[in-house]
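User: I'm new to reading protein structures. Could you walk me through strands, cores and surface patches?

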Amino acid sequence: MWYRLKQIDNDGAFAYSKVRSVELSAVTSVDDDELNYEFSLAQNYPNPFNPTTTIKYTIPTVETGHALSLRTKLIVYDILGQQIKTLVNEVKSPGNYEVVFNASQLHSGVYFYTLNYGEFTQTRKLLLIK
């Protein structure tokens, strides 16, 4: 298979890469349960935002002899540490997810969002500007 990439600049100018070859005949398919996911919480986009932003996260593949049913929690806090909104509170299987956070009812300011999954925890900062 042959391919090339097209880069488009913000001003509309574009350029093509050199033509490349790739061999895909060895890969026939990939089942979702064959993938190994690692725990991650991405920075929201856009940031700063008004009034909505997207938060992407990955629930890890846990290496055990049995299936784990762990609750995933994605919670938004204000600068004082008070819980503002729970975006996710359910059992999730390993994989990539995204959630849209609508902050139209909140005031401008700095907020934090935390992802909890079993022993995994990660927090990031977001900025709402109205």
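This is a predicted model: local features need pLDDT of at least 70, side-chain atom pairs count only at pLDDT 80 or more; totals for chains, interfaces and linings use all residues.

User: What is the strand order in the open sheet of three strands?

Analyst: The order is β5-β6-β9, and the pairing is antiparallel. β5 (40-41) and β9 (95-102) are at the edges with a single partner strand each, so one side of each has no neighbour in the sheet.

User: Okay, now the core. Which residues touch the most other members of the largest nonpolar core?

Analyst: The general idea is that in soluble globular proteins, nonpolar side chains tend to be buried together. Here the largest nonpolar core has 20 residues, and I55, L74, L87 and F101 touch the most other members. At least two core residues come from each of β6, β7 (71-78), β8 (83-91), β9, β10 (109-117) and β11 (120-128). β10 gives the most, with four residues.

User: What does F101 touch?

Analyst: Leaving aside residues up to four places away in sequence, the contacts of F101 include I55, L87, V76, L106 and L126. Among them are also T52, T53 and K85.

User: And the surface: which residues make the nonpolar patch?

Analyst: That patch is made by I8, F14 and Y16, and covers about 340 Å². Y16 belongs to strand β3 (residues 14-16).

Key:
Residues are numbered from 1 along each chain as its sequence is written. Side-chain values use heavy atoms; hydrogens and water are left out. Patches are made of residues with over 30% relative accessible area and no salt bridge: like charges are joined within 9 Å, nonpolar side chains (Val, Leu, Ile, Met, Phe, Trp, Tyr) within 5 Å. Accessible areas come from the Shrake-Rupley method with a 1.4 Å probe; for residues, only the protein chains shown count as cover. A salt bridge is a side-chain nitrogen of Lys or Arg within 4 Å of a carboxyl oxygen of Asp or Glu. Two strands pair if DSSP finds at least two bridges between them. A nonpolar core is a set of buried Ala, Val, Leu, Ile, Met, Phe, Trp, Tyr and Cys residues joined through side-chain atoms within 4.5 Å. Buried means under 20% relative accessible area, exposed over 50%, partly exposed in between (1.4 Å probe, protein chains only). Contact means heavy atoms within 4.5 Å.
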